[in-house]
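Hi everyone, and thanks for making time today. Please have a look at the sequence and the model, and then I'll walk you through a few parts.

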Amino acid sequence: MGLPGIEPVERANTLAEDLYQSLRKAIVTGSLKPGEKVATRAVAESAGVSFTPAREAIARLIADGALVQISPKSVVVPHLRIEALDEITKLRLSLETMAAEAAAACITKDTLDRLKKVERAYEQLRTKENFTKSLTLNEEFHFTIYRASGMPRLVGFIETLWVQVGPSFNLLLDEKRIPKRPLGFHDMAIEGLEGRDGEKVAVAIRNDLEFGYERLKNMVLQREEHA
């Protein structure tokens, strides 16, 4: 039996790398839920590869903190506890605002045009029915900005934090907690980038992350109360 959100990988690159990226995407977008088992066989069958690249990809994600090995033969997507959410959010606020501010000084017109296109698509899909796709577009929006900073090591740290919090986005599937209208954080970030105003971009990203944290915190606390 395969796992949701994992697609067959291209064979032009290293299989383990491609599979790592595919599995990471499934985790970040919440396709794999907290508590779900991630078996090597299921991953290999879903991607159409052998056990070796599947084991390597899973091992990397365990090292990233995105998966947890609870026994010699059992790996699961971990539940995010409030203490971990608080720590991850503090780190994200520091690192992502840093990347956003740096991006304002060097983002290109082509990248800015692509960012606007992603944002338009994202706002059209912010519904329960398109939740996974909207998460994918939201990630693309943020990382388009962060990668424009020209700081790949910083982006790598941010990616590790995103993959640790990603599965818990499933907690936000309650339709009442999905804002019906855009709150303007992304628009503010775009305006800041257009005006080369690093501080404005950083404030927009900070507001976005803090809003997301409050939504997720409430859901994590509710789950812990009923655990």
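Let's start with helix 9, whose buried residues are Gly-198, Val-201, Ala-202, Ala-204, Ile-205, Asp-208, Leu-209, Tyr-213, Arg-215, Leu-216, Met-219 and Val-220. Buried here means under 20% relative accessible area, exposed means over 50%, and partly exposed is in between, with a 1.4 Å probe and protein chains only. Helices are DSSP runs of H or I with at least four residues, strands are runs of E with at least two, and both are numbered from the N terminus.

Before going on, a word on the source: this is a predicted model, where local features need pLDDT of at least 70, side-chain atom pairs count only at pLDDT 80 or more, and totals for chains, interfaces and linings use all residues. Residues are numbered from 1 along each chain as its sequence is written, and side-chain values use heavy atoms, leaving out hydrogens and water.

Back to helix 9: what covers its buried residues? The cover includes helix 4, helix 6, helix 7 (152-165) and helix 8 (185-194).

Now find Asp-86, which sits in helix 4. Asp-86 counts as partly exposed because its relative accessibility is 27%. Asp-86 and Tyr-213 are 127 residues apart in sequence, yet their C-alphas are 8.4 Å apart in space.

**Helix 4 meets helix 6**

Which residues of helix 4 meet helix 6? They are Glu-96, Ala-99, Ala-100 and Ala-103, and they meet His-142, Ile-145 and Tyr-146 in helix 6, where contact means heavy atoms within 4.5 Å. By class, this contact has five nonpolar residues, one polar and one charged. Ala, Val, Leu, Ile, Met, Phe, Trp, Tyr, Cys and Pro count as nonpolar, Asp, Glu, Lys and Arg as charged, and the others, Gly among them, as polar.

On spacing in general, an α-helix has 3.6 residues a turn, so residues three or four places apart point the same way.

**One last stop: a pocket**

The largest pocket is lined by 16 residues, and Gln-21, Ser-22, Arg-24, Lys-25 and Glu-139 lie nearest its centre. A pocket is an open set of points on a 1 Å grid over the protein atoms alone, where a 1.4 Å probe fits, with protein on both sides within 12 Å along at least five of seven lines; lining residues have an atom within 4 Å of a point. Helix 1 (15-28) and helix 6 are the elements giving two or more residues to this lining. Its classes are four nonpolar, four polar and eight charged.
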